[in-house]
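Student: Hi! I've just opened this one and could use a hand finding my way around. Can we go through it together?
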Amino acid sequence: MLPVFLVTFPFFALIAAGYGAARARILPLDAIPGLNAFVLYFALPCMLLRFGAGTPIGQLLDGSVALVWGLGALAVVAGVVIFTRNARVGWNDGAFGALVAAFPNTGFMGVPLLVAILGAQAAGPMIIAIAFDMVVTSSLCIGLSRLDGLGAGAAGGGAAQAARKALRGILVNPMPWSILLGVLLSAARWQLPGPLERTVAMLADAASPVALFTIGAVLARSALLAREHDASAAVAEALGTGVHPAPKAPWGDVLPVVVVKLLVHPLLIWGLGLGAIAQGLPLAPAALVVMVLVASLPSASNVSMLAERFGADNGRIARIILWTTVVAFFSFPLAVGLLH
């Protein structure tokens, strides 16, 4: 366990550094969107392009990996929506709770971390997982989130409109395009021209530290904004303005999703993978290990931004992301030690 912890510690230390810098206001909160934009539009697409182009095309088009990961993601979404909806959690909050349970932080955290632990061969299954979660899991959950308080016809229209918005979001997201370009380069066995390849490599090398630092800063910003909201609402209530603070999500609405993300999801992927191998599907044991470790990652930080955009309880989502990240500091090295 000690060698594994020594490998994973710097990654979580960078998250903690970003969190501390934002909490101490060393990093202005207004600068965080700029860091996010740099990672999303420049560094991370270059890293995915680089890994995609350097990965054999057979690994990038592995149907067994896509099937197991897809079934696991859909099962998590269905289970969380069914078992967490209650008087406080409607379709909107339930759908984004399902998304935060099924969508690991593969891009910002998983790719650099697992490549450091398992080598470049881990990139193929992770690229498949990223593509599925961005295209299918996110679109499904956004569609489900529009079902609150609507009749059958209106619900269908709201879900269709949300699906169109999700599709537009995918089309303007550079990560799917960088994955597609990497697949094409791998299939054609082409290489980028020297100066362009070096530019891509420099941006790709910046992806890991900046992305991890940004995760911590985003988590700190969510905590600070929630505290400021509670304080201002409490003052307004004390002054008799009629403003009442939104109730903080109880642990009963947070803890089950944390458990699903860090325990149920990886166990489900492990069970589905073993079942697929038993049925004769050509799923490599090494690819299954990568998928289980990806499922063991904390929740993706961008789910909080999606929840805010679609009017869900972003405070609940941010708490889930924060606690999955904190607990994963201990649980992820344990998962690596058990599987690697």
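This is a predicted model: local features need pLDDT of at least 70, side-chain atom pairs count only at pLDDT 80 or more; totals for chains, interfaces and linings use all residues.
**Helices, salt bridges and a surface patch**

Student: How many helices and strands does the chain have?

Tutor: The chain has 14 helices and 0 strands. As for burial, 50% of its 340 residues count as buried.

Student: New topic: how many salt bridges are there in the whole structure?

Tutor: A search turns up 2. In one of them, Asp 253 pairs with Arg 88, and their closest N and O atoms are 2.9 Å apart. Asp 253 sits in helix α11 and Arg 88 in the loop between α4 and α5 (91–102), so this pair ties together parts that are 165 residues apart in sequence.

Student: Are those two buried or exposed?

Tutor: Asp 253 is buried because its relative accessible area is 7%, and buried means under 20%. Arg 88 counts as exposed, at 53% relative accessibility.

Student: And which residue does Arg 50 form a salt bridge with?

Tutor: Arg 50 forms one with Asp 205, again with the closest N and O atoms 2.9 Å apart. This pair links distant parts of the chain, with Arg 50 in helix α2 and Asp 205 in helix α10 (residues 194–238), 155 residues apart. Arg 50 is partly exposed at 38%, while Asp 205 counts as exposed at 53% relative accessibility.

Student: Why do such side chains pair up at all?

Tutor: Side chains of opposite charge can pair when their charged atoms come close.

Student: What about the nonpolar surface patch: which residues make it?

Tutor: The patch covers about 760 Å², and its members include Trp 251, Leu 255, Val 259, Trp 323 and Val 327. Helices α11 (251–278) and α14 (314–339) each supply at least two residues, and α11 gives the most, with 6.

Student: Last one: where is Leu 29?

Tutor: Leu 29 is in the loop between α1 (2–23) and α2 (32–53), and it counts as buried at 15% relative accessibility. Leu 29 and Val 218 are 189 residues apart in sequence, yet 8.7 Å apart in space, C-alpha to C-alpha.

Definitions and conventions:
Residues are numbered from 1 along each chain as its sequence is written. Side-chain values use heavy atoms; hydrogens and water are left out. Patches are made of residues with over 30% relative accessible area and no salt bridge: like charges are joined within 9 Å, nonpolar side chains (Val, Leu, Ile, Met, Phe, Trp, Tyr) within 5 Å. Accessible areas come from the Shrake-Rupley method with a 1.4 Å probe; for residues, only the protein chains shown count as cover. A salt bridge is a side-chain nitrogen of Lys or Arg within 4 Å of a carboxyl oxygen of Asp or Glu. Helices (H or I, at least four residues) and strands (E, at least two) are DSSP runs, numbered from the N terminus. Buried means under 20% relative accessible area, exposed over 50%, partly exposed in between (1.4 Å probe, protein chains only).
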